[in-house]
Amino acid sequence: MNWIKQFSLENQVAVVTGAAGGLGRELVKILFDAGAYLVLADTDEASLRLLLQATDPSGERVRIQQCDVTNEQDILFLIEQTNNHFKRIDVLVNCAGVLGSDAALFDQTAEDWDRVFDVNLKGSWMAATHISQYMVAQHIKGRIINISSSLGLRAQLKRVPYASSKAAVEHLTRNMAMELVQYQIRVNCLAPGWMNTPMVEGILNGPNGKNWRAAIPMGRAAEPSELAGPLLLLASTASSYMTGTVLRVDGGYAYCGIELPE
Ligand SMILES: NC(=O)c1ccc[n+]([C@@H]2O[C@H](COP(=O)([O-])OP(=O)(O)OC[C@H]3O[C@@H](n4cnc5c(N)ncnc54)[C@H](O)[C@@H]3O)[C@@H](O)[C@H]2O)c1
């Protein structure tokens, strides 16, 4: 048996939301290298165009589609366009996400809370629901991958809406997995920690960067390429008996508490 072949995405179609972001673009590269056809969705069309040029200038295997995941019509149009072009969707990666403001509890606003939950939770739910419905209609044994964070499990100061939304994304994963198991559609979650992407590089290279790095058991942030194994596992048939799982890829960050002095 050639076990490595299980990880291939050849002839598979994957939709990635938030594709133009720091992490999204890295996930796109990994899925492309694994052989997938891709539809890249994001609100930021200019960045999508640049990403298309960098990934697949011929446009043979990659399409882009402007899409706001908080807008149901946008999601339905994304599905329609993907179906018109590639005729199927095997994998959805829900990577669109926002961090929200860097504010202590009493400084947080209801607007910020709504924005973070709208994109991170409602957007993931809405894309996954419509795309899984499409998969059922097409008899596709699809895979849905939600993106959480170490903060879906551990608490951190000034991140109440973000961390709460990511905890909810993890439970969304478990609940959707149970709903969709009857259709052989699997729903899993990837929970990265500190990644070397623009979203967190500013913090890691800032005045407190050394302290942040010291709080990571492995002592460093991850290169986005270190998500390749876990992503391809969840996106491919190599994980055929996994559903409802949260896979943490964070150098142990979610499990490490603050060390108290002796
Ligand atoms: N970068 C990290 O270290 C890290 C760590 C853990 C988890 N994550 C998670 O990974 C995901 C991506 O993070 P990132 O670092 O790429 O962030 P990023 O800010 O670089 O990218 C997010 C992307 O999502 C897009 N987006 C925002 N709102 C959208 C909407 N309503 N509809 C469609 N697209 C929208 C943005 O245009 C952007 O391209 C997020 O869910 C984040 O919480 C990131």
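Tutor: An axis here is a line fitted to C-alpha atoms, for helices over the stretch in contact, and angles run from 0 to 180 degrees between N-to-C directions. The model under discussion is predicted.

Student: On that basis, how do the axes of helix α1 and helix α2 stand to each other?

Tutor: The axes of α1 (residues 22–33) and α2 (residues 45–55) come within 11 Å and cross at roughly 30°. The crossing of α1 past α2 is right-handed.

Student: What is the order of the strands in the open sheet, and why do β3 and β7 stand at the edges?

Tutor: Seven strands form the sheet in the order β3-β2-β1-β4-β5-β6-β7, with parallel pairing. Both β3 (62–66) and β7 (246–249) have a single partner strand, so one side of each is left without a neighbour in the sheet. On average, neighbouring strands of this sheet are turned by 20° against each other, direction ignored.

Student: Which strands does helix α5 touch where this helix packs on the sheet?

Tutor: Helix α5 (residues 160–180) touches β5 (143–147), β6 (186–192) and β7, and its direction makes about 160° with that of β6. Helix α8 (residues 228–235) also packs on the sheet, touching β4 (91–94), β5, β6 and β7; the direction of α8 makes about 170° with that of β6.

Student: Which residues of the largest nonpolar core touch the most other members?

Tutor: Members must be buried, that is, under 20% relative accessible area, and joined through side-chain atoms within 4.5 Å. Of the 33 residues in this core, Leu27, Leu31, Leu38, Val93 and Ile145 touch the most other members. At least two residues each come from β1, α1, β2, α2, β4, β5 and α8, and α1 supplies the largest share, six residues.

Student: What does Ile145 touch, leaving aside residues up to four places away in sequence?

Tutor: The contacts of Ile145 include Val91, Val93, Asn188, Leu190, Leu231 and Ala235.

Notes
Residues are numbered from 1 along each chain as its sequence is written. This is a predicted model: local features need pLDDT of at least 70, side-chain atom pairs count only at pLDDT 80 or more; totals for chains, interfaces and linings use all residues. Side-chain values use heavy atoms; hydrogens and water are left out. Helices (H or I, at least four residues) and strands (E, at least two) are DSSP runs, numbered from the N terminus. A crossing is left-handed if the near helix is turned anticlockwise from the far one by less than a right angle, and right-handed if clockwise. Two strands pair if DSSP finds at least two bridges between them. Contact means heavy atoms within 4.5 Å. Buried means under 20% relative accessible area, exposed over 50%, partly exposed in between (1.4 Å probe, protein chains only).
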